[in-house]
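Trainee: Could we walk through this model together? I would like to know what stands behind each term.
Mentor: Gladly; have a look first.

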Amino acid sequence: MSRDQIAEELPNLAESKLTALVVDDSFVNQTIHQKLLNRLGIENDVVTNGKEAVDVYCSGRNYDLILMDMDMPIMNGIQATKRLREMGIESKIAGVTTRANEGEKQEFMEAGLNDFQEKPLTISKLLSILHKLNFYVQT
Amino acid sequence: MDTLIAQLQRQFRDYTISLYHQGFLDDQFTELKKLQDECSPDFVAEVVTLFFEDCEKLISNMARALDQTGNVDFKLVGSSVHQLKGSSSSVGAKRVKGLCITLKECCDTQNYEGCVRCLQQVDIEYKTLKAKLQDLFNLEQQIVQAGGRIPQVDI
């Protein structure tokens with residue numbers, strides 16, 4: 001998808017200076033998710049598990065969007081999402097996982113997600129997340 | 001008469017198509033190619049390199065676990081194959097992903113022989129894919145060195 005096409009899908013995205021946090025223990029997925037976000041002009045950081053995500057927020061950082069993997073060592077996506085919501089964090093959290101059975105998806109959603117997408121992420125799926133979470137400036 | 005560039009481009013096109021048709025790659029590989037641009041001209045090569053590093057590490061972990069005959073930690077094997085399935089899915093490594101699904105099933109039923117056989121197949125399959133992608137990247141290099149552009153291949 002070219003920058004022009006992306007700009008049509010999400011007007012004013014370039015001006016919105018969105019920030020995102022990628023939470024995933026896989027280097028392959030970290031690289032892909034960061035590239036997807038870069039392509040859409042979204043500044044981003046990456047951490048490798050749920051505990052690091054919580055620590056980053058405890059240190060005072062904040063992000064508009066979190067892309068949260070489910071299966072991670074030390075603290076998984078469900079635990080991290082619950083913890084962040086308990087802390088009062090209102091960032092939009094999109095669960096991204098290969099686990100697709102309804103029970104697991106439900107459990108993840110109930111932890112406090114705003115949206116859920118099956119991996120692997122693509123430009124269309126990321127745009128779908130951004131649309132769903134109303135990430136564009138209303139004119 | 002075809003120029004060298006045209007010949008290389010045709011070879012590249014045919015080889016790419018064959019990798020999809022033979023089931024080595026799927027749509028997700030196409031998605032990775034879409035992300036490659038002037039800012040990151042080696043993006044696909046970088047991601048697949050990370051994937052092959054994953055393969056080596058996780059297959060080695062699983063082999064070690066399966067070596068503990070009589071005391072195999074199937075949970076460890078299961079979590080390693082889940083990770084490998086995830087990264088193979090993310091790069092479009094279709095055959096590797098399919099074998100990971102089968103290996104997971106063997107693991108879930110604690111089918112030891114099945115796990116050993118399947119793991120051997122995963123090992124062969126990722127090495128085969130690695131060699132084929134190396135050939136593909138070599139073709140790309142040859143095209144660029146000859147002064148040509150890498151053609152867009154519609155699958």
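Mentor: The area buried between chain A and chain B is about 1500 Å², with carbon and sulfur atoms giving 62% of it. In chain A, the residues that lose the most area to chain B are A:V28, A:I32 and A:K35, together 35% of what that side buries.

Trainee: What makes this area "buried"?
Mentor: Buried area is the accessible area, taken with a 1.4 Å probe, that two parts lose on being put together, summed over both. The figure of about 1500 Å² therefore covers the two sides, chain A and chain B. The size of an interface is often given in this way, as accessible area lost when the parts come together.

Trainee: What kind of model is this, and how is it numbered?
Mentor: This is a predicted model, where local features need pLDDT of at least 70 and side-chain atom pairs count only at pLDDT 80 or more, while totals for chains, interfaces and linings use all residues. Residues are numbered from 1 along each chain as its sequence is written, chains are lettered from A and ligands numbered from 1 in the order in which they are written, and side-chain values use heavy atoms, with hydrogens and water left out.

Trainee: How many residues does each chain bring to the contact?
Mentor: Chain A brings 18 residues and chain B 21 residues, contact meaning heavy atoms within 4.5 Å.

Trainee: Why is the pair A:R39 and B:D37 called a salt bridge?
Mentor: The rule asks for a side-chain nitrogen of Lys or Arg within 4 Å of a carboxyl oxygen of Asp or Glu. In A:R39 and B:D37 the closest N and O atoms are 3.2 Å apart, so the pair meets the rule. Across the interface of chain A and chain B the rule finds 2 salt bridges. The largest share of the side of chain A that touches chain B, 8 residues, comes from helix α3 (residues 27–39) of chain A; helices (H or I, at least four residues) and strands (E, at least two) are DSSP runs, numbered from the N terminus.

Trainee: What does the salt bridge between A:R61 and A:D45 tie together?
Mentor: The closest N and O atoms of A:R61 and A:D45 are 3.0 Å apart. A:R61 lies in the loop between α4 (50–58) and β3 (65–69) of chain A and A:D45 in strand β2 (residues 43–47), so the pair ties together parts that are 16 residues apart in sequence. Over all chains, the count comes to 13 salt bridges.

Trainee: Which elements make up chain B?
Mentor: Chain B has 6 helices and 0 strands, and its C-alpha atoms fill a box of roughly 65 × 30 × 20 Å along the principal axes.

Trainee: Where is the cis peptide bond in chain A, and how do you know that it is there?
Mentor: The cis peptide bond joins A:K119 and A:P120, with omega about 5°. A:P120 sits in the loop between β5 (115–118) and α7 (123–132) of chain A.

Trainee: What stands out about the phi of A:I74?
Mentor: The phi of A:I74 is positive, about 70°, although A:I74 is not a glycine. A:I74 is found in the loop between β3 and α5 (77–86) of chain A.
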